[in-house]
Amino acid sequence: MMQTVPAGATTRASRARSVLPGVRITLGFTLAYLTILVAIPLSTLFVRSARMGWSGFLSAATSPRAIAAYRLSIGSSVTAALVNGVFGLLVAWVLTRYRFTGRAIADALVDLPFALPTAVAGVALTTLYSQNGLMGALLAPHGIKVAYTPLGITVALTFIGLPFVVRSVQPVLETLPGEIEEAAATLGADRWQTFLRVTLPALMPALVAGVSLSFARAIGEYGSVVFISGNMPGLTEIAPLLIMSKLEQYDYGGATAIAVVMLLVSAVILVSAGMIQRRAARRAA
Amino acid sequence: MRSLTRIAVALTLAASTAVPSHAQKGPVTLLNVSYDPTRELYKDINGAFAREWKRRTGQDVEIKQSHGGSGAQARAVIDGLEADVVTLGLAYDIDEIAARGKTIPANWQSKLPHNSTPFASTIVLLVRKGNPKGIKDWSDLVRPDVQVITPNPKTSGGARWNYLAAWGYALRKNNNSDAAARDFIRKLYKNVPVLDAGARGSTTTFVERGIGDVLIAWENEALLAPRELGPDKFDVVIPSVSILAEPPVALVEEVARKRGTTDVARAYLQYLYTDSAQALGAKHYFRPTGPRSLAKFGGSFAKVNQFTIAELFGGWAKAQRTHFADGGVFDQVYSLAKR
């Protein structure tokens, strides 16, 4: 679904003789590998949910509680991914275009959400944003509650998703010559025009890839969110928590029904992101 | 693939039946799949049992432990984790292993004394030092000025005991009126600002985050508070009535038979009822079970008027169905509490 390689690469390789040897073997291996690692485990989901029949599936997948959970999970994941799209781009920009003391440290900081066990991240964020935490106490007088609200969930998802955008955009920014921007300026473009017409289109494929990775990461996140969400039924219950609570009742069918819906929604979003990305790549080329 | 597995199974069976298990003198390992707060308890017991078994039979036994949420552990066993014995937080989880995994007989709970529960506990209230809100009993938990911390019973087995303890109190207080109990539970959960997914999360919320006035907790964990969470920070309040929390144990017969460990696994579970194991249980703040052990090792525990899940709820299967299944009383009460 997601590819950072230009879209033409695979078709070209299979059609014409490649300069590199072993196409058949590597292609065969890749397909077998993906089948064993991804397709088979995911297909068991569909098999399990198929066992419960249509009416059972529908009633489990479309209960008001499940719908509230999808809305919350997808809404907060999309918001977090978009926030990361804007600010991750900014971070990547500053890290590649400016030289400043502490840049190496700032650069390393970006990766930390990758490495941190999510439960640790969740506990740390909750400590900060609960009513008597450092940030929570500052925000409380303004009537802003973060921990145990949907806002807190979005904060946690933004945290874990940031590296995906920065690390997707950064290498492209590094190879984008500054001369192009200078050329745009000499041709009379102001800063906004340069950014919107010249830089952004070139970055678009990488940015969309980063944002969709950030979304994909957020939609399945459980470990950090359960600490900051408060898990109030119907209010701050994310879909993965609902799956856990179904499993606690040994309702495997109900759990997979919700998982299948989440999977399909994610697939639709990721495939459309892939299409946007490819279109942007063509335009940028 | 399937025929290969069949051959492998047949060979294993042949190998295990050829040598009678009690004649095996080589070292043997057992896997005890347990729930979270028993880690330290079983560490002590496993060492003591290994010494006892060595003395009795000359055989070395090593008991491996696995800990996690009770439900997650049960699902692992259903999915094929080869536990010789399970020691979980509630009978419902072992019932499900029996029903779905078919590795435990359906009548497992009658196979060992006291509902197959060697160590019991009860549900108590942990409050901040000096008890600033003056919390004495369950009735204080529905006061509008009190915030209560307890995990989500939909995701935490321990939290289900908390809920049932409160429900049982309300029943007793109101001439067994279900409507009154429901109202009490509704008010209580209205005072819960955060429903953590598990007991550990709730403890963190109460202790580290400083949220809430009272944490509903298992007695064995509440009594550990001075040692684990720092002295002079919390007080334990014993309510007037509470539930007898019974975390049961069972032999996973099919697995033990296949592994040829039936004798040693059964001896291990029986050992849990001996004086030495009951003393270790009391050391880790688990209440002894059975009048004899209670008389011997129960002296340090506060007197609590306890009811059992069988008496008030007709057993776990029924309690689970009525209260915690989707659309059950907890869900109904919650959709009311929100409004």
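In this predicted model, the contact between the two chains draws 24 residues from chain B and 20 residues from chain A. On the chain B side, the elements that put in two or more residues are α3 (70-78), α4 (91-101), α8 (199-207) and α16 (329-338). Of these, α16(B) gives the most, with four residues. Sorted by class, the side of chain B that touches chain A holds ten charged residues, alongside seven nonpolar and seven polar ones.

Turning to chain A on its own, the secondary structure comes to 13 helices and zero strands. The C-alpha trace of chain A spans about 65 × 60 × 30 Å along its principal axes. Of the 285 residues in chain A, 35% are buried. As for how the chain folds back on itself, take the contacts in chain A between residues at least 6 apart in sequence: 80% of them join residues at least 24 apart.

The axes of α6 (residues 118-129) and α8 (residues 150-175) of chain A come within 11 Å and cross at roughly 135 degrees. Angles over 145 would count as roughly antiparallel and 65 to 115 as roughly perpendicular, so α6(A) and α8(A) end up oblique to each other. The crossing of α6(A) past α8(A) is right-handed. On the α6(A) side, the contact is made by A:T118, A:A121, A:G122, A:L125 and A:Y129, and these meet A:G152, A:V155, A:A156, A:F159 and A:I160 of α8(A). By class, that contact has seven nonpolar and three polar residues, with no charged ones at all.

Chain B, for its part, is divided into two domains, each made of two stretches of sequence: domain 1 covers 2-117 + 246-273, and domain 2 covers 120-245 + 303-338. Taken over C-alpha atoms, the centres of the two domains of chain B are 31 Å apart. Where they meet, 14 residues of domain 1 of chain B are in contact with 14 residues of domain 2 of chain B. On the domain 1 side, α3 and α4 of chain B are the elements that give two or more residues, and α4(B) has the largest share, four residues.

Notes:
Residues are numbered from 1 along each chain as its sequence is written. Chains are lettered from A and ligands numbered from 1 in the order in which they are written. This is a predicted model: local features need pLDDT of at least 70, side-chain atom pairs count only at pLDDT 80 or more; totals for chains, interfaces and linings use all residues. Axes are lines fitted to C-alpha atoms, for helices over the stretch in contact, and angles run from 0 to 180 degrees between N-to-C directions. Angles under 35 degrees count as roughly parallel, over 145 as roughly antiparallel, 65 to 115 as roughly perpendicular and the rest as oblique. A crossing is left-handed if the near helix is turned anticlockwise from the far one by less than a right angle, and right-handed if clockwise. Two residues are in contact if their C-beta atoms, placed from the backbone, lie within 7 Å. Ala, Val, Leu, Ile, Met, Phe, Trp, Tyr, Cys and Pro count as nonpolar, Asp, Glu, Lys and Arg as charged, and the others, Gly among them, as polar. A residue is buried if 20 or more other C-beta atoms lie within 10 Å of its own, exposed if 12 or fewer, and partly exposed in between; C-beta atoms are placed from the backbone. Domain bounds come from an automatic or database domain assignment.
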